[in-house]
Amino acid sequence: MGKKPEDIVYSPTLYDHDFKQEEIFRYIIDPESEVKSQANKYLNSDDHILEAMKYGLMHETATREALQDIIDDKTHMAHKQRDIIDAIKTTEAKTVRVTIDKDNKELTFRNDTRSMARTGSNEYYAWDIIASDRSKYKELYGHDNYGVKDIVKINYGKKEIYNREINQRNREKLSSESLKKEVCPSPSLSAEIHDANAASSALDNDFGSVRSNQER
């Protein structure tokens, strides 16, 4: 997996601001006080800003939790796709033989490796199948694409570089072994989510304070 939950950080978008000469001088003399002053000015400039920041932090937390769920679920399609990409990258082949089981029909055909090494979709297009094998594919499946879930195995020459069942067992075994070794669980994710929730609560309180000050 390319991105980890701790890589997801919410950054509020600040409006463009042309600093006045006296503000620059104040920053040079006392940068910490001037940053606080500018932050307060920004937060008080619009009563929607704090609310937007609060929801931004909530979205960050939800995204982290969703990503962690995928990482923990060893049967998720993302892991299978990663296995396929890693397997393809171990070869310099332009084509590989792919065996799929789709609609209870099994077929082996040659497929372009460039399309299989791409991320962003769990589907592969039928037109990336080598032309001489494409007609057999269309006879069985029509113009439907095939997905990561349909791939049973991939061969490069006589070597099997991916096997759905074997790769699944290996992932589960590695996951089980890592759990056994984990004496002190890493608190990073839970701590960061706690911090995000705390920040969200703080923003809630600040938002209420700003609104009450404005109403006065």
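Buried means under 20% relative accessible area, exposed over 50%, and partly exposed in between, with a 1.4 Å probe and protein chains only. N104, for example, is exposed, with a relative accessible area of 78%. This is a predicted model, in which local features need pLDDT of at least 70 and side-chain atom pairs count only at pLDDT 80 or more, while totals for chains, interfaces and linings use all residues. Residues are numbered from 1 along each chain as its sequence is written, and side-chain values use heavy atoms, with hydrogens and water left out.

**Figure 1. Overview of the protein chain.**
The protein chain holds 8 helices and 6 strands. Helices (H or I, at least four residues) and strands (E, at least two) are DSSP runs, numbered from the N terminus. Read from the N terminus, the elements follow the order α-α-α-α-β-β-α-β-α-β-β-β-α-α. Of the 216 residues in the protein chain, 32% are buried.

**Figure 2. The loop between β1 and β2.**
D103 is found in the loop between β1 (95-102) and β2, and N104 is found in that loop as well. D103 has a positive phi of about 55° although it is not a glycine. For N104, phi is near 60°, a positive value in a residue other than glycine.

**Figure 3. A patch of negative charge on the surface.**
Five residues, D101, D103, E106, E123 and D144, gather in this patch. Patches are made of residues with over 30% relative accessible area and no salt bridge; like charges are joined within 9 Å, and nonpolar side chains (Val, Leu, Ile, Met, Phe, Trp, Tyr) within 5 Å. Lys and Arg count as positive and Asp and Glu as negative, whereas His and the chain ends are not counted. The place of a charge is taken as NZ of Lys, CZ of Arg, CG of Asp or CD of Glu. E123 belongs to strand β3 (residues 123-124), and E123 counts as partly exposed because its relative accessibility is 41%.

**Figure 4. A nonpolar patch on the surface.**
I24, F25, Y27, I28, I29 and V35 form this patch, and together they have about 650 Å² of accessible area. Accessible areas come from the Shrake-Rupley method with a 1.4 Å probe; for residues, only the protein chains shown count as cover. Helix α1 (residues 21-29) gives the most to the nonpolar patch, with 5 residues. I24 is partly exposed, because its relative accessible area is 42%.

Helix α4 (residues 77-89) has 13 residues and reaches 18 Å from its first C-alpha to its last, close to the 18 Å expected at 1.5 Å a residue. The expected span of a helix is 1.5 Å times one less than its number of residues. The buried residues in α4 include H79, K80, Q81, D83, I84, I85, A87 and I88. Side chains of opposite charge can pair when their charged atoms come close. R82 and D86 are 4 residues apart in α4, about one turn of the helix. R82 is partly exposed at 27% relative accessibility, and D86 is partly exposed at 37%.

The structure holds 7 salt bridges. In one of them, the side chains of R110 and D133 meet (3.4 Å, N to O). R110 lies in strand β2 (residues 105-112) and D133 in helix α6 (residues 131-141), so the pair ties together parts that are 23 residues apart in sequence. R110 is partly exposed at 33% relative accessibility, whereas D133 is buried, with a relative accessible area of 10%. The side chains of D112 and R114 also meet in a salt bridge (3.0 Å, N to O). D112 counts as buried at 15% relative accessibility, while R114 counts as exposed at 64%. Salt bridges that share partners join R110, D133 and K136 into one network.

**Figure 5. E165 and V152.**
E165 lies in helix α7 (residues 164-181). E165 is partly exposed, with a relative accessible area of 47%. E165 and V152 are 13 residues apart in sequence and 7.8 Å apart in space, C-alpha to C-alpha.

Notes
A salt bridge is a side-chain nitrogen of Lys or Arg within 4 Å of a carboxyl oxygen of Asp or Glu.
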